[in-house]
Amino acid sequence: MSHDKMILKHPLSVRMFHYFLILSFLPLAVTGVLLYFKPLSDAAMHLTMQIHAAAGVALTIACASFFFLAYDRVVLFIKRVFSVSLADLKWFAVLGGYPQKLILRKKVPVPPMGKYNSGQKLFGIFVLIGGSLLILSGWILWGFPHAMPRGFVSLMGDVHLIAGIVLTLFLCVHLFLGVYMFDDFKAMILHGKIPYEEAREMSSLWVRKEVIPISENKC
Amino acid sequence: MNAVAKTYQKGEIPGLIAIRASACKGCDACQRYCPTGAITGSFGATHGIDVDLCLSCGQCLISCPFDAVYETDDAVDQVIANLRDKSVSVVGIIAPAVRVAIGEEFGMKTGSLVTGKLYGSMKKAGFEILDNNFAADLTIMEEGSELISRARHAVFGEKSAHGEPIGPLPQLTSCCPAWVRYVETQCPALIPHLSSAKSPQQMAGTVAKTYGTKVWNKPASQIFTVGIMPCTAKKFEASRPEFTSAYEFNKKQNRETGPAYPDVDVVLTTRDLARLFKKMKIDLAKEADYSPDILFAEYSGAGTIFGNTGGVMEAAVRTAYAVLTGEELANVEFKPVRGLKGVKSASVTLKDAKYGKDVTINLAVVHDMARNIKPIVDDVLAGKSPYHFIEVMNCPAGCINGGGQPIDKSGSSWVEAIRPLFAWK
């Protein structure tokens with residue numbers, strides 16, 4: 001494979017889903033923080049809650065659509081984030097080499113990774129489980145707080161809060177690293193492709209085992 | 001609490017129910033249960049309570065999933081202090097719904113009937129016992145007789161025995177203090193329709209401080225009456241300034257020269273009583289059954305069923321049957337008014353032995369006021385109501401699910417089918 005070639009990392013369906021996540025989860029995170037601390041006036045808090053509810057509906061529609069329209073991608077994603085090996089422990093031992101790179105300007109050996117590195121896999125697990133819990137608890141808190149067992153609604157409130165905090169914190173890290181890995185950022189936001197060389201370095205297992213040249217693709 | 005509460009008489013407790021801003025999530029669950037729209041604050045914003053609209057029913061309190069709603073009145077320590085004062089007889093007036101709920105606070109199965117253990121625990125704490133079922137029997141005799149009087153007045157033009165005016169039909173029950181406050185603040189034109197009979201709690205307080213002075217051999221000023229109720233609004237009711245009947249009576253009898261006292265001094269909810277027992281190291285679940293040998297613990301089945309929606313109506317029908325026909329009802333169960341349907345109605349035809357004619361009485365039973373009362377009230381106000389007697393209880397299912405009952409985390413007060421109500425406004 002030529003060195004100046006680009007390879008497709010994020011297909012259109014994934015990029016579309018990601019756009020919807022940006023449009024729904026970012027407002028959800030911001031309004032969620034406001035709803036927790038309640039710093040605004042009655043009218044402003046009301047508007048905040050309305051935005052939160054509307055964004056929640058958008059998030060639910062985006063997730064449901066992706067699940068049904070790109071089921072193969074969902075299965076692949078789940079398979080990838082839950083495939084754990086010793087390499088993941090080694091990756092976490094050096095935190096993917098990022099602190100050394102960012103703080104010490106030093107490059108340390110990092111175990112070879114698949115399409116997602118161990119940190120991204122952990123983020124994926126949290127997004128999958130935390131996001132599902134957020135959506136489920138959000139609908140209960142919005143539509144049924146009066147009609148469900150009181151203790152259950154209270155539990156849903158706690159689940160919503162904890163999952164919201166965890167995912168918002170992850171979001172901050174995700175945004176930082178997303179911009180730091182600018183080629184991947186461009187791929188997700190624009191054309192879906194990353195340079196072959198970068199993929200070979202960052203996701204060597206993926207490139208070696210899964211990526212095939214278009215010329216070899218018989219489909 | 002509002003700085004200026006406009007819908008309260010002097011002495012009444014305003015702002016009995018309040019919302020802790022730090023715990024409120026603005027989810028609007030409480031608003032679904034409020035019969036008067038007293039909950040303020042938009043969806044998402046911290047909620048508050050409009051004291052002037054609030055009925056003190058406590059449905060928001062027992063329904064808030066986040067424990068943000070609380071009571072501002074707590075008489076537990078005051079009652080304990082009186083129990084320790086040997087010169088005072090502390091009379092516990094136990095409502096029917098308390099005995100089937102308080103066991104939950106001591107780890108017993110939900111719905112356990114613990115009358116004997118409750119009596120035993122109260123005796124151990126130092127209470128004299130006046131079962132409110134006894135007073136409920138008094139109430140129903142008054143309320144049933146009043147219904148007959150109103151019906152005979154409407155049908156046969158009969159005048160009252162003492163010349164006082166007779167109220168219009170439909171007669172509305174008056175034992176639910178939240179309902180009475182609803183009428184007074186939302187539709188005062190209906191006040192003449194309310195039964196003039198006091199609630200069982202207030203009758204019990206009056207009896208305790210009049211007849212009870214002979215039973216306990218104490219002046220009324222040394223009798224401290226404690227309503228033990230499933231209801232937060234009963235605290236408000238006891239604080240109403242007009243409820244000093246015992247004092248007025250005793251004064252007329254020249255048995256009273258001191259300052260005025262209320263018929264019921266304080267009210268404890270079921271939750272409060274459980275807390276009192278725990279403070280006094282009394283474990284109700286381990287107490288032996290006790291049966292007090294006193295007239296005030298005698299009662300009929302009519303008083304017992306007061307705590308359920310339809311209970312007052314069923315008891316009233318039994319009484320009306322006996323008074324009108326001069327015979328005892330063979331089957332005392334009147335099933336059309338039982339169950340959790342929002343508005344239940346029935347007709348009973350009774351032979352009025354005095355006039356030798358059949359009288360048909362149309363009855364309605366309403367509970368869960370937040371959802372069911374408006375059309376009933378509108379019909380009565382418009383003069384279109386088909387009913388002659390309407391029982392109203394504020395809380396879903398009646399006093400059994402009152403705002404002062406133990407809070408069951410595995411349930412909610414919602415008695416309709418589960419349906420979503422997505423808040424927006």
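**A walk around a cavity and a buried methionine**

In chain B, domain 2 (76-134 + 199-300) and domain 3 (144-195 + 302-398) each give at least three residues to the lining of the largest cavity; the domain bounds come from an automatic or database domain assignment. Keep in mind that this is a predicted model, where local features need pLDDT of at least 70, side-chain atom pairs count only at pLDDT 80 or more, and totals for chains, interfaces and linings use all residues. Residues are numbered from 1 along each chain as its sequence is written, chains are lettered from A in the order in which they are written, and side-chain values use heavy atoms, without hydrogens and water.

What is a cavity here? On a 1 Å grid over the protein atoms alone, it is a set of points where a 1.4 Å probe fits but cannot get out, and lining residues have an atom within 4 Å of a point. The whole structure holds 5 cavities of 30 Å³ or more. The largest contains about 300 Å³ of space, a volume being the space filled by probe spheres set on the points, which are joined across faces, edges and corners. Among its 25 lining residues, B:Cys175, B:Pro230, B:Cys231, B:Lys234 and B:Cys399 are the closest to its centre.

Now look at B:Met122, which sits in helix α3 (residues 115-125) of chain B; helices are DSSP runs of H or I, at least four residues, numbered from the N terminus. B:Met122 counts as buried because its relative accessibility is 0%, and buried means under 20% relative accessible area (1.4 Å probe, protein chains only). Beyond its neighbours within four places in sequence, B:Met122 has contacts (heavy atoms within 4.5 Å) that include B:Gly92, B:Ile94 and B:Phe277.

Terms used:
Helix = DSSP H or I, 4+ residues; strand = E, 2+ residues; numbered from the N terminus. Buried < 20%, exposed > 50% of the residue type's maximum accessible area, 1.4 Å probe, protein only. 1 Å grid on protein atoms, 1.4 Å probe; cavity = no way out; pocket = protein on both sides within 12 Å on 5 of 7 lines; lining within 4 Å.
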